[in-house]
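The following exercises ask you to read a fold from its coordinates, step by step. Work through each task before turning to its solution.

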Amino acid sequence: MESPSPDWLVYVYAITEAPVPLGSGGIDLAPIRWISEGSLSAAVSDVPMDEFDEAPLNELIRDMAWLGPRAVAHQEVNLRLHESAQALIPLAFGTVFRHDERVRALLRNEASALAGRLETVRGSAEWVVALHLLAEPDAAAVERQSPALHALRGEIEAAPPGRAHLLRRRLAELERDEGRRVQAEAAGQVLERLRGVTRAVFAEPLPQDTVERPLLRASVLVARDKEDAFLDETERLRVTWREPTYRVLLTGPWPPYRFGGLNADG
Amino acid sequence: MAEGFVSLSAPRDDELSLLELADRLLYRGVVVSGEATISVAGVDLIYLGLNVVLTAVSNLKKPPATGQLPVNSDATPPPGDIFG
């Protein structure tokens, strides 16, 4: 079945290996259709052009009241597919084609890359682990992790007054630098521990100038049969980086939006 | 709203909001080859939106961002590729 008229566009939710029966609809409750080509199938529904053509879409997407129910519909389709399919490439919101034939062309032309992505995510779900800094680590905590600070304090205590004064100015600078280093190492240490219990780790770019202060936002790909070990490790992370200085946040399991979309070397 | 799409296996004290969902779904890296797709141009503005909302909720020091939202122009494929 081709998309019904020039007033409609084809919205693609996900690509998988074979059609999966879905009980309910997608965006605007439109029925999910399948477009198949070779060994790949795309889950699609028809969406109105006056909202999903490029210009209106890029306007409407800024409106959370418009985006909200459609993003939830997108997610719900992908969640149901993710529960039934062993391998799924969930697409980004707003992947829209003019005709079914363009979707077929994608499945045909990108068959090999898409098959590779399906292998990357097979049997896995995606989680997001964030490490937030709620308060500056106190000076004693920083010094415990800083031999340089410890040494400088010793030097100040032993120095004659004039030299001690100069060294104290250096101390303030060193405290700031070492505080930053300790924070930066927290992110690296969390990443390292996540690598031990996941198939892949991707450190997200961090938003700047936010009220919340994420030190790390990592997407991780976790095999479904290793979720217990992963969740146990996140509990241990919460203990190591605990409040009130830090907070570890976890969301998931997600369909693998990030890892399905990343290139193998990404 | 969050309960509709989070698995119960996720710990309950974790944040999952529409913004988190938008962040997951609108990431520019996910678009399957630029060819023949309409990609969402303003991906980065979701982060900005996130900041604004957090500010409103927390009622903290930073003023909400105002004015024109930045458009992530490099996420927009050339028009010729979109509809052919």
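Chain A contains 10 helices and nine strands, where helices (H or I, at least four residues) and strands (E, at least two) are DSSP runs numbered from the N terminus. The model is predicted, so that local features need pLDDT of at least 70 and side-chain atom pairs count only at pLDDT 80 or more, while totals for chains, interfaces and linings use all residues. Residues are numbered from 1 along each chain as its sequence is written, and chains are lettered from A and ligands numbered from 1 in the order in which they are written.

**Exercise 1. Judge how spread out chain A is against a compact globule.**

Step 1: the radius of gyration, taken over C-alpha atoms, is to be set against the globule rule, 2.2 Å times the number of residues to the power 0.38. Step 2: for 266 residues the rule gives 18 Å, whereas chain A has 25 Å, well over that value, and chain A is therefore more spread out than a compact globule. Step 3: along the principal axes, the C-alpha atoms fill a box of roughly 90 × 40 × 30 Å.

**Exercise 2. Describe the open sheet of four strands in chain A and find its edges.**

Step 1: the strand order is S7-S8-S6-S9, with antiparallel pairing; two strands pair if DSSP finds at least two bridges between them. Step 2: S7 (200-203) and S9 (246-254) of chain A each have a single partner strand, so they stand at the edges with one side left without a neighbour in the sheet. Step 3: S6 (residues 124-133) and S9 of chain A are joined in the antiparallel sense over seven bridges, and A:Glu126 has A:Trp254 in S9(A) as its bridge partner.
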